[in-house]
Amino acid sequence: MINYQKERPAPAAAAESLRTGTQHAMERNLTTGSVLRNILCFSLPYLFSYFLQTLYGMADLFIIGQFGAVASTTAVSIGSQVMHMLTVMIVGLAMGSTVTIGRAMGAGDRSLVGRTIGNTVTLFMVLSAAMTAALLAAVRPIVAIMSTPAEAVEGTVAYLTVCFLGIPCITAYNIIASIFRGLGDSKSPMYFIAVACAANIGLDYLFIGALSMGPAGAALGTTLSQAISVAVSLAVILRRRTGFAVHRADFRPQRAVLRQVLKIGLPVAFQDGLIQIAFIVITVIANRRGLTDSAAVGIVEKIISFLFLVPSSMLSTVSALGAQNIGAGKHDRAALTLRYAIRIAAGFGLAAGILMQFIAAPVVGLFTADTAVIAAGGQYLRGYIWDCIFAGIHFSFSGYFCAYGRSEISFLHNIIAIALVRVPGVYLMSVLFADTLYPMGLATATGSLLSVVICLAAYGWLKRKGALGAPIQV
């Protein structure tokens with residue numbers, strides 16, 4: 001059992017640094033000072049990190065669109081959607097580490113910080129090796145399941161094969177980022193991903209443009225740039241001073257630590273995976289409408305992933321800030337963090353929704369010169385964009401629930417929304433409106449609206465039970 005409210009026998013200097021707010025280079029105490037300032041200081045670097053990470057896929061799609069045909073664009077859009085699903089599941093699982101480290105930091109338990117870091121590394125090393133082997137064996141069935149248009153099959157296979165080989169690098173970057181964020185440091189991951197993004201763009205132009213490697217070149221650029229990012233981050237870690245130590249024994253699996261990490265991380269990983277599966281089902285529905293709609297939906301998914309940076313950053317910000325404050329017993333600050341995050345995310349979503357009604361087609365046109373794809377993509381984006389408002393709200397709630405170790409609530413509301421509204425709604429709109437993608441976009445937003453309703457109900461229920469202010473024992 002891990003009791004985050006109980007005083008830990010931390011070294012005197014470490015305990016004093018937490019009490020006074022003094023941090024080492026890799027740490028930031030988020031339990032004192034202005035809540036809004038902490039949100040901005042943490043979320044802005046995280047937002048920029050997400051922007052750069054999203055730019056990976058967008059750069060692949062943009063550059064392949066300049067040098068390849070529609071079939072190559074479709075191959076990269078489908079392949080990158082599969083990779084995005086795998087990445088968000090890894091990030092979701094790593095959320096368990098971020099929250100556990102954050103709570104331990106808030107409680108002053110540096111021993112638990114070290115044990116969580118060591119066990120996280122061990123867990124994800126084993127996981128990445130298993131995923132790489134399994135996915136390489138299943139690459140063609142995956143391409144078939146995606147209902148990939150015949151013209152894009154070989155390109156998609158080539159893209160995914162190279163990306164699957166790079167899964168250990170993708171995993172390594174994301175667990176390093178999760179550890180830093182648990183320590184309250186969202187700036188370092190931003191620098192690491194900036195290096196990778198710059199490398200990716202340069203390598204894409206080399207492999208896709210100069211060497212004409214097509215989708216395989218896009219994947220190779222992404223994989224090599226992730227490896228560069230990991231190398232840079234490890235070099236920085238080795239040179240930095242920190243207030244805790246990770247010993248060899250910390251890498252040995254410890255049941256209590258792994259149970260805590262997995263209890264929080266697994267529901268988030270499954271939730272994010274099922275959300276991405278829902279998006280893939282939507283892509284399959286679009287693929288069956290033909291190459292034009294397939295390319296349009298693939299491009300819009302990239303654009304939406306960019307616009308969802310603010311909701312996604314709020315989820316991670318609330319979980320990290322909330323975890324440290326909950327570990328320190330400051331539940332009011334955790335709740336205030338949630339309120340600020342909802343206002344920021346929903347306000348952004350409203351502004352983006354209104355603006356995109358006027359510029360949707362030109363935005364899609366940045367990624368393709370095909371007029372039919374631009375028209376279809378504009379329709380889909382004008383409907384889909386309203387999802388930003390509702391997603392911003394339920395993402396913030398999900399971060400809050402995760403900080404309390406109640407990530408199963410996030411899993412539940414997403415599954416209900418997917419099963420009852422998002423997927424059946426998109427399918428129904430596809431059947432009823434064969435000449436436009438606009439209603440399909442609206443159906444996705446309606447699913448998130450249901451999630452918001454469930455989150456509000458769950459929050460009220462937990463408050464009435466007193467579960468959002470009691471000492472935490474896991």
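# Exercises on a predicted model

R289 and D293 are joined by a salt bridge, their closest N and O atoms being 2.7 Å apart. Welcome to this predicted model, in which local features need pLDDT of at least 70, side-chain atom pairs count only at pLDDT 80 or more, and totals for chains, interfaces and linings use all residues. Residues are numbered from 1 along each chain as its sequence is written, and side-chain values use heavy atoms, with hydrogens and water left out.

## Exercise 1: Salt bridges

Solution. 

Step 1. Start with the term: a salt bridge is a side-chain nitrogen of Lys or Arg within 4 Å of a carboxyl oxygen of Asp or Glu.

Step 2. Now move to D387, which forms a salt bridge with R422, the closest N and O atoms being 3.5 Å apart. This pair links distant parts of the chain, with D387 in helix α15 (residues 387-403) and R422 in helix α16 (residues 407-432), 35 residues apart. Helices are DSSP runs (H or I, at least four residues), numbered from the N terminus; strands are runs of E with at least two residues. D387 counts as buried because its relative accessibility is 1%, and R422 counts as buried at 6%.

Step 3. Finish with R406 and E408, whose side chains meet in a salt bridge (2.5 Å, N to O). R406 is partly exposed, with a relative accessible area of 24%, and E408 is partly exposed at 33%.

## Exercise 2: A pocket and a patch

Task: describe the lining of the second largest pocket, then locate a nonpolar patch on the surface.

Solution. 

Step 1. Rolling a probe the size of a water molecule over the atoms shows where empty space is left. On a 1 Å grid over the protein atoms alone, a cavity is a set of points where a 1.4 Å probe fits but cannot get out, while a pocket is an open set with protein on both sides within 12 Å along at least five of seven lines; lining residues have an atom within 4 Å of a point. Grid points are joined across faces, edges and corners, and a volume is the space filled by probe spheres set on the points.

Step 2. The second largest pocket holds about 370 Å³ of space. It is lined by 19 residues, and the closest to its centre are M85, L86, M89, L135 and I277. Two or more lining residues come from each of α3 (70-107), α4 (110-137), α5 (139-145) and α10 (255-287). The element that gives the most is α10, with seven residues.

Step 3. Sort the lining by class: 19 residues are nonpolar, none polar and none charged. Ala, Val, Leu, Ile, Met, Phe, Trp, Tyr, Cys and Pro count as nonpolar, Asp, Glu, Lys and Arg as charged, and the others, Gly among them, as polar.

Step 4. Turn to the surface, where L266, F270, L274, I277 and V281 form a nonpolar patch with about 370 Å² of accessible area together. Patches are made of residues with over 30% relative accessible area and no salt bridge, with like charges joined within 9 Å and nonpolar side chains (Val, Leu, Ile, Met, Phe, Trp, Tyr) within 5 Å. Accessible areas come from the Shrake-Rupley method with a 1.4 Å probe, and for residues only the protein chains shown count as cover. V281 lies in helix α10 and is partly exposed at 31%.

Definitions and conventions
Buried < 20%, exposed > 50% of the residue type's maximum accessible area, 1.4 Å probe, protein only.
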